[in-house]
Amino acid sequence: MSEIEEIEGPLLAIAMEPVPLMIFDQVTKSYRSKRGKKEKLIAVDNVSFEIAPGEAVGLVGASGSGKSTIARLITGLEKPDTGRIIFGDFSVGKLGHRELRNLYSMVQMVFQDPYGALNPVHSVEYAVSRPCINYLGMSISQATRRVEELLDRVGLTPARQFAEKMPHQLSGGQRQRVVIARALACEPKLLIADEPVSMLDVSLRAGVLRLLTELQNEHGLSLLYITHDLLSARVLTDRILVLNKGGVVEEGVTKQVLQNPKDPYTVKLLDSVATLDK
Amino acid sequence: MPILEIEGLNVCYRPERGVRISAVRDLDISLERGEFVGIVGESGSGKSTLGFAITRMLRPPAVIESGAVKFKGTNILELTGSELRNQRRGGLALVLQSGMNALNPVRSISKQLGDVLKAHSQKGEHWGRSEVRARGGELLSMVELDSEVLDRYPHELSGGMRQRVAIALALSLEPELVVFDEPTTALDVIVQASVMETIKSLQRSRGFTAILISHDMSVVLDATDRTLVMYAGRVVEDQPSKTVASAGIHHPYTEALMKCYADPRADKVELQDIGGTPPDLSIEVAGCSFAPRCSFASKVCFLETPSLVRSELIQVACHVRLPVSPMAKEVKVVRN
Amino acid sequence: MISFRNKRRDIIKGVTVEIVVAEDDARPLNEESKSSYNRPKLPGPFVFILRAVSTLWRNKKSRVGLVILGFFIFVSVMAPILAPHSATATNFKPYQNPNATNWLGTTGNGQDVLSQMIYGTRVSLLVGLGAGLLATLIALSIGLVSGYRPGIVDEVLSFTTNLALVLPGLPLMIVIATYLRSNSMWMILFVIGFTGWATGARVIRSQTATLRSRDFVSAASFSGERLLRVVFKEILPNMVSLAAASFFGAATAAVIAASSLEFLGIGNPNTVSWGSILYWAENDNAFLTGQWVLVFAPGIAIVLLSLSFILINFGIDTLSNPRLREK
């Protein structure tokens, strides 16, 4: 008789729970304030959460809520004051330059500003092929083929034609698709998207959001979606954390939180969304 | 008499290198006194160019090719510099998205306010320190700021407060028409809602005519009485804001745009995007600019530019939704 | 797919309308891009210089500059053919005014001034371009490192740069050149190169610091790029115009500084250069003897060469901006 059969009820549920992909454990980060060096600006205040494989988590909050700092902490661009950030075997807060590179083969980022995220002097092909060459060890001709597959996948067809374009020849929506293709190139486990649609035209947003959902489902990718826009968070994420002044004020299944907000700050955020029907 | 009449306005950008872009095409708009009109459009719709043209703030490479902008009967495009300055008082004002960053960082708010008041002062008016402070306190309370803000410098204020100061500056000369160009886009969601509330109540209490230019349909419908939808430099729909969201006659672009919004609290949320690519303004095409992205387009849509057709309170420029008359006796398509 | 874009259509009301529609708008573009894809490739630096020259040629001021510079390069390459006499032989009558044999007259030692001018172009051009290049390379390495590595590295390098900026240039060069006790042309080139980098370094440092915080630089490290590649492939190409501008700026300063040093007799007065012609003119009291050509000819040449660099600099902005490069 194996031991597993003896576990029942709630214990079984714990045993069945997947190992989280990333653990953000009681992390605090503060900056020295610009005026008066004694004052400290607390950007992230004792925040804990986990992201399971394949899960889409939303970080929602107004500017200054600490949501972008969390992204910088996960990607090792900032070091936490206290607390741990665990990603697989990595303890992210302690990584040096070389280890960060290994981390980035698993964590990729989609930036807010599609105009700033692509180097104006490099073609689309160059931008998308670099991670293939760096992480997957591809030759240039293999990378060329993969670039075409990726561009096809993000809806930039005919792929060959887009591959040869320079960033300034593309529209905002197309650039953001290139950025997404580049982020997918090394088959990461976690994709961090920091306001990926806020600078796009409204009529193009839904397309990019749908693409992110599809890619997440196809590749079993985890997604950390950072936004102030509750509507896109609702469309994209399974679970959200509402942040205010660096702390989590509410968390739960996206639909439930939005339909039934408990915290006054969440209510305030919801009320400031102008809806179409008067 | 309408307070503002725009007749046959054409604005294009002619950069030294590169292609000519026509941003505003054959535009006719008429505004009644006290109206709050919203102009909605996406990038490249020409909405901001229009806002600049109305306030005569266009700078090269933008060129007004033809048309008139009549403010209280005078064509402001023909005014000289000093005449225009006189017009600013009791005339036109512009509040920009970047207006909050246009404040001079080394001068206190009261000094900057004093500059504006002095620069436009009339004969017999004297703007001393105490007069400026009195008027300043009044203006700031209008935009729901404390009068102690007068002694502050721009960097000591938050984005929302700076934008409120910019609104106070714009209103300091008692304009009759205020153009708000994306006044809240750079602000945070919560701040955005409260600044919009202030703009709404100011417009109602002071009765000036206002134009709100925004890419966000929800903001415009919430605040304004009348909504103009722009696409590729033309107004494609003009209707009371109340009826834009309801069923009725709409331009297919407006309909498609409405599907890009939803209530995040709803049980089922579905967003749709508009397929195809945004219009290329460097190419002159006959026909409706939206036709390549429109699922209702027929042959005529590719041939003749539809003009705004009135049906009661609404105007729509669409061959399919509000046809005038068949345009050609026969249409033949030749493929090669 | 039917495309209506890019096609001109005439609309005549009330009559039959014919439209010509392209079946597939992707095809022509495809062919065009294919041809550029298969174009035989020249070695990188060649392509770069050719493209830079053709870009600069479109700017009127730069074009004038390029023509002047081209003239000087032509003269220095063809010097043995163009020069009517030897530059060093002393077989003419000294203190001659311009005449049929010696178009620009002769020096106090009986040398032909025109031939000296022509051979002198070589030295001035070499020192100008060489010292400019050296100064730019130093400016680039210091500017890039200090801009990309904030903290102690930047502090030290910035301090050094500021120190080099406040030291007066010409006196410093004179001191170094005197101490080195070698008076070859190469010494002058190195002295000017090693003293003229500071301005460029400061500009490049601040530009690097700006670019470093841009998203595409973080994106490059997310793409797994190593540090050197980030600096050289992502940041540097965005600074081509800045580097070129600082090169031509340094070259202008170098031409003038080299002539000044030679004029002061710090170089080798027996090397034929524009500066040394001036040196000998001063030695022989050229103005007193009425030999104005001895002063004006090298003076004008120095001004023209410097001017050509300055003029070229006007068109430099277009170099690293792909949007401007296009048409």
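In the predicted model, buried residues make up 53% of the 336 residues in chain B. Chain B contains 10 helices and 13 strands. Of its contacts with a separation of 6 or more, 65% are accounted for by residues 24 or more positions apart. In chain A, which has 278 residues, 56% count as buried. The secondary structure of chain A consists of 11 helices and 10 strands. Among contacts in chain A between residues at least 6 apart in sequence, 66% join residues at least 24 apart. Chain C has 15 helices and 1 strand. Of the 327 residues in chain C, 44% are buried, and residues 24 or more positions apart account for 68% of the contacts with a separation of 6 or more.

The largest nonpolar core comprises 92 residues. Those with the most contacts inside this core are A:Phe24, A:Phe49, A:Leu151 and A:Leu224. Both domain 1 (19-106 + 190-278) and domain 2 (116-187) of chain A give residues to this core, so it lies between them. The surroundings of A:Leu224 can be listed in detail. Not counting residues up to four places away in sequence, A:Leu224 touches A:Phe49, A:Ile51, A:Val57, A:Leu59 and A:Ile74, and also A:Leu190, A:Leu191, A:Ile192 and A:Ala193. A second, separate core has 59 residues, including B:Ile109, B:Ala170, B:Met196 and B:Leu212.

One of the residues touched by A:Leu224 is A:Ile74, which is among the buried residues of α2(A). The buried residues of α2(A) are A:Lys67, A:Thr69, A:Ile70, A:Ala71, A:Leu73 and A:Ile74. Just after α2(A), A:Gly76 adopts a positive phi of about 75°.

Two further positions in chain A were examined individually. A:Ser129 lies in helix α4 (residues 124-135) of chain A. With a relative accessible area of 9%, A:Ser129 is under the 20% limit and is therefore buried. Not counting residues up to four places away in sequence, A:Ser129 touches A:Ala143 and A:Val147. The C-alpha atoms of A:Ser129 and A:Val147 are separated by 5.9 Å, and the two residues are 18 residues apart along the chain. A:Pro53, in contrast, is partly exposed, with a relative accessible area of 48%. The place of A:Pro53 is in the loop between β2 (40-51) and β3 (56-60) of chain A. A:Pro53 and A:Met22 are 31 residues apart along the chain, and their C-alpha atoms are separated by 8.5 Å.

Two packed helices are described by the angle between their axes and the distance between the axes. The axes of helix α5 (residues 113-148) and helix α8 (residues 185-195) of chain C come within 8 Å and cross at roughly 35°. The crossing of α5(C) past α8(C) is right-handed. On the α5(C) side, the contact is made by C:Val123, C:Leu126, C:Val127, C:Gly130, C:Ala131, C:Leu134, C:Ala135 and C:Ile138. On the α8(C) side, the contributing residues are C:Met185, C:Trp186, C:Ile188, C:Leu189, C:Phe190, C:Ile192, C:Gly193 and C:Phe194. By class, this contact has 14 nonpolar and 2 polar residues, and no charged residues.

Several backbone features remain to be described. Most residues other than glycine have a negative phi, and most peptide bonds are trans. A cis peptide bond joins A:Thr157 and A:Pro158, with omega about -5°. A:Pro158 is found in the loop between α5 (140-153) and α6 (159-163) of chain A. In chain B, B:Arg56 is not a glycine but has a positive phi of about 55°. B:Arg56 is located in the loop between α1 (47-54) and β4 (62-71) of chain B, and is partly exposed, with a relative accessible area of 24%. B:Glu144, another residue other than glycine, has a positive phi near 60°. The place of B:Glu144 is in the loop between α4 (129-142) and α5 (159-171) of chain B.

Key
Residues are numbered from 1 along each chain as its sequence is written. Chains are lettered from A and ligands numbered from 1 in the order in which they are written. This is a predicted model: local features need pLDDT of at least 70, side-chain atom pairs count only at pLDDT 80 or more; totals for chains, interfaces and linings use all residues. Side-chain values use heavy atoms; hydrogens and water are left out. Helices (H or I, at least four residues) and strands (E, at least two) are DSSP runs, numbered from the N terminus. Buried means under 20% relative accessible area, exposed over 50%, partly exposed in between (1.4 Å probe, protein chains only). A nonpolar core is a set of buried Ala, Val, Leu, Ile, Met, Phe, Trp, Tyr and Cys residues joined through side-chain atoms within 4.5 Å. Domain bounds come from an automatic or database domain assignment. Contact means heavy atoms within 4.5 Å. Axes are lines fitted to C-alpha atoms, for helices over the stretch in contact, and angles run from 0 to 180 degrees between N-to-C directions. A crossing is left-handed if the near helix is turned anticlockwise from the far one by less than a right angle, and right-handed if clockwise. Ala, Val, Leu, Ile, Met, Phe, Trp, Tyr, Cys and Pro count as nonpolar, Asp, Glu, Lys and Arg as charged, and the others, Gly among them, as polar.
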